[in-house]
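Colleague: Please take me through this one slowly. I want to hear the rule behind each label.

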Amino acid sequence: QLQLVESGGGLVQPGGSLRLSCAASGFTLDYYSIAWFRQAPGKEREGVSSISSSDGTTHYADSVKDRFTISRDNAKNTVYLQMDSLKPEDTAVYYCAASYGNYYGDYALTPGLYTNWGQGTQVTVSS
């Protein structure tokens, strides 16, 4: 049973921070590229950030660059998304996804690459 479970979402004021976690079970994350996506009401699912498998190369959408940081802890089989300086427009359901192999740059934020998806965690940024 291959599963990804997101956690860490919640309500935060503009300028605040949250750290999302994506825990994998049923498979080892070491050999998978991992990406975070988000979807707000009425909008398409948007790629946020990715991290490759073997070399840990990261990539960020322009909208979150310099504010979000993706990392992985293979020993814990978990990927994190540290979100700082949050804005109301960051409000969305955030999903993590995994794809076997190494993927980089904008291509790594292509939803069609990913076959394993979590169920999402809600992030709300509001005053």
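Modeller: Start with Ser52, which has 0% relative accessibility and therefore counts as buried. Ser52 sits in the loop between S5 and strand S6 (58-60), where strands are DSSP runs of E of at least two residues, helices are runs of H or I of at least four, and both are numbered from the N terminus. This is a predicted model, in which local features need pLDDT of at least 70 and side-chain atom pairs count only at pLDDT 80 or more, while totals for chains, interfaces and linings use all residues. Residues are numbered from 1 along each chain as its sequence is written, and side-chain values use heavy atoms, with hydrogens and water left out.

Colleague: Why does Ser52 count as buried?

Modeller: Buried means under 20% relative accessible area, exposed over 50%, and partly exposed in between, with a 1.4 Å probe and protein chains only. Ser52 has 0%, so Ser52 is buried.

Colleague: What makes the pair of Ser52 and Asp55 side chains a polar contact?

Modeller: A polar contact is a pair of N or O atoms within 3.5 Å; within protein, one must be able to donate a hydrogen and the other to accept it, and residues adjacent in sequence count only if both atoms are side-chain atoms. The two side chains are at 2.4 Å, so the distance meets the limit. The Ser52 side chain also reaches the backbone nitrogen of Gly56, at 3.3 Å.

Colleague: Is Asp90 buried or exposed?

Modeller: Asp90 is at 0% relative accessibility, so Asp90 counts as buried. Its place is in the loop between S8 and S9. The Asp90 side chain makes a polar contact with the side chain of Arg67, at 2.7 Å.

Colleague: What makes a group of residues a nonpolar core?

Modeller: The members are buried Ala, Val, Leu, Ile, Met, Phe, Trp, Tyr and Cys residues, joined through side-chain atoms within 4.5 Å. The largest core here has 29 residues, and Leu4, Trp36, Phe68, Val79, Leu81, Met83 and Tyr94 touch the most other members. Apart from it lies another core, of seven residues, among them Ala35 and Phe37.

Colleague: Why would such residues gather?

Modeller: In soluble globular proteins, nonpolar side chains tend to be buried together.
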